[in-house]
Amino acid sequence: MKKIQLLMLLLLSAICIQSCKKDVTTSASTISDKILSANINGTAWNPDTVSAAITYNAATKIKTFSVAGIALQQKVSISVAVPNSINTAGFPFATYKVDATNNVQLVYSYQTLLGGSYDPVGTVEPGSGSVTTTAIDSVKKVITGTYSFTSKQVNKDQNGNIISINVQQILSGTFTNLPYTFVSN
């Protein structure tokens with residue numbers, strides 16, 4: 001009788017332990033496989049044409065990282081210049097913010113006519129944008145980082161009165177293992 005009670009107790013214990021186990025859920029991160037992407041005005045944007053370069057100017061000792069992506073009649077251009085640099089294929093890890101200098105230039109452009117030029121939509125004011133470089137492989141020539149900015153266009157009438165303000169938000173931008181060329185001149 002005691003053996004049956006002990007067996008029942010063990011069986012009930014095993015059932016209780018099994019029912020107390022946590023559900024195991026596997027979650028996958030949402031890492032984009034796109035080399036350049038952003039969220040433009042609330043819509044995901046992944047360009048089909050991308051070009052990137054790091055250029056070193058020996059005369060001025062300025063190294064510039066530039067990238068441009070185009071899709072859906074929209075173009076995003078990034079340019080980050082680092083003064084007093086050395087001549088290597090790499091680029092410094094840092095957060096570069098739009099300020100009163102021209103060292104960081106972020107531009108959102110739109111193509112109004114198919115096959116026509118891309119016209120900038122507003123300007124990015126100091127404090128309204130940044131680029132962060134987080135990884136670089138100067139042997140494979142790929143760079144990774146983030147960017148984000150707001151472009152503002154103030155429209156005025158013929159008397160100089162503001163009639164509207166057009167704001168474009170380019171947020172959550174990433175460049176992941178973005179291939180680049182290195183040019184030294």
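Start with Gly-129, which touches Tyr-96, Lys-97, Val-98, Leu-106, Val-124, Ser-148 and Phe-149, leaving out residues up to four places away in sequence; contact means heavy atoms within 4.5 Å. This is a predicted model, where local features need pLDDT of at least 70 and side-chain atom pairs count only at pLDDT 80 or more, while totals for chains, interfaces and linings use all residues. Residues are numbered from 1 along each chain as its sequence is written, and side-chain values use heavy atoms, with hydrogens and water left out.

Gly-129 lies in strand 9, residues 129–137; strands are DSSP runs of E, at least two residues, numbered from the N terminus. Gly-129 is buried, at 9% relative accessible area, where buried means under 20%, with a 1.4 Å probe and protein chains only.

Now the rings. The whole structure has four aromatic pairs, meaning Phe, Tyr or Trp (its six-membered ring) with centres within 6.5 Å; planes under 30 degrees apart count as stacked, over 60 as edge-to-face, the rest as tilted. Phe-65 and Phe-91 make a tilted pair, 5.8 Å centre to centre with 50° between the planes. Phe-65 is in strand 4 and Phe-91 in the loop between strands 5 and 6, 26 residues apart. Both Phe-65 and Phe-91 are buried. Tyr-147 and Phe-175 are stacked, because their planes stand at 20°, with centres 6.5 Å apart.

Last, the sheet: six strands, open, mixed pairing, order 8-7-5-4-3-12. Strands pair if DSSP finds at least two bridges between them. Strands 8 and 12 are at the edges with a single partner strand each, so one side of each has no neighbour in the sheet.

Key. Helix = DSSP H or I, 4+ residues; strand = E, 2+ residues; numbered from the N terminus. Buried < 20%, exposed > 50% of the residue type's maximum accessible area, 1.4 Å probe, protein only.
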